[in-house]
Amino acid sequence: MKFDRIQFETTNNCNMRCSFCPNRTMKRARMFLGFDIFKKTIDEISCNNLTNTISFVGNGEPLLDNKIGEKIKYCKLKGLKTVITTNGVLLKRITPDILKNLDILYISWQTFNESSFKMRNINLNYDDYEAKILNFLNENYNKSTKIILSIMFIRKRKRFMMDLLPDSYYALFQQNGRGLYKTLKKVEKIIPCKQVNFEKIYQIIKKGVHFLNNEHQLSNNLFLNIDEYFDWGGGLQGYSEGFVRMPCLKGSCKIMLAGPLVLSNGEVSICCQDAEGNVTVDNLNNSSLMQILLSKKYQDVYNGFKNNRIILSHCQKCKGYWKHKNKYKNLLYNIDLIYNSFKFRLKKFLLN
């Protein structure tokens, strides 16, 4: 058994309370993953060749962990590739010593103007936030670490976007298209990006066809990663009345098959989107990682996904879909979804 990556939630504390992230309503106790248990688990991963990549992500801001530098360094001592995802507020904590041991840095930028930045609920204005990231890029874009600017967008007329989420979400992601373009022009002033067609990227986003190439190379070691907005398995608040989440019994999950997540309390979860620890298997304080991975519970879920079967109710909900209680309205939504799905594929074909 070898995974694409094993993730560590080195802390579930966060300095932001983004309205599009479940961290702000998390009921789990806020804590940091101890270095001893981390070191023991990394030793086990290395000894059993379980993965080549350790990713520090989960449901918190890893740069809040004062031990993050030591944890990254220990991974490198064991010959493991290291990846970290940060919201960008504490980039100054990434010292040259940390950076030299870091292979990939994701900066979860997401919002590109003062109005949309308010949805991140932090006592900081957008200009200062943007300056932190631009200054970091200016100082480090030519280092060996691959830097990826990560953003989210929603396809226009996607059903749950238009009908389930509040108007503020739609406004946020509409503004993002214009704000991103202006931000990229600022990036271009400090980083040589001669091979990048920013106008083309903006038009792709504006038209809602952003899946042609999720990762756009801006410079030698600088990339723009565009993801589709997700609702954490139907777990976010703020949906319109009349909709229910329908479970799905068949399907697979690339996220689960790619590797487990170690939560900040030592629990091993099968899913990196498991904000409340609903699909944990066992705790590393009680069992070794290999014992957990070879347990019946983990293997049943793992083999189920490999055979297109969804075992856990949490996963069935996550892989499910939204349905309106009124069957006539639901029929209209389905027609609208099919029509706009056809338009999306047509745009994609024409742009190719």
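**Close-up views of a predicted model**

The chain exposes about 17,000 Å², and carbon and sulfur atoms supply 50% of it (Shrake-Rupley areas, 1.4 Å probe; for residues, only the protein chains shown count as cover). This is a predicted model, where local features need pLDDT of at least 70, side-chain atom pairs count only at pLDDT 80 or more, and totals for chains, interfaces and linings use all residues. Residues are numbered from 1 along each chain as its sequence is written, and side-chain values use heavy atoms, leaving out hydrogens and water.

**View 1. Here is helix α11, residues 296-306.** Helices are DSSP runs of H or I, at least four residues, and strands are E runs of at least two, numbered from the N terminus. Tyr298 and Phe305 are among the helix's buried residues (buried: under 20% relative accessible area; exposed: over 50%; partly exposed: in between; 1.4 Å probe, protein chains only). The buried residues of α11 pack against α9, β11, α10 and α12, with contact meaning heavy atoms within 4.5 Å. Just past the helix, Asn308 has a positive phi of about 65 degrees.

**View 2. Asp43 meets Lys39 in a salt bridge, N to O 4.0 Å.** That term means a side-chain nitrogen of Lys or Arg within 4 Å of a carboxyl oxygen of Asp or Glu. Both residues sit in helix α1, four residues apart. Asp43 also bridges to Lys78, at 3.5 Å between the closest N and O atoms. This second pair links distant parts of the chain, 35 residues apart.

**View 3. Lys100 pairs with Asp97 in a salt bridge, closest N and O atoms 3.3 Å apart.** Lys100 is exposed at 59%, while Asp97 is partly exposed at 38%.
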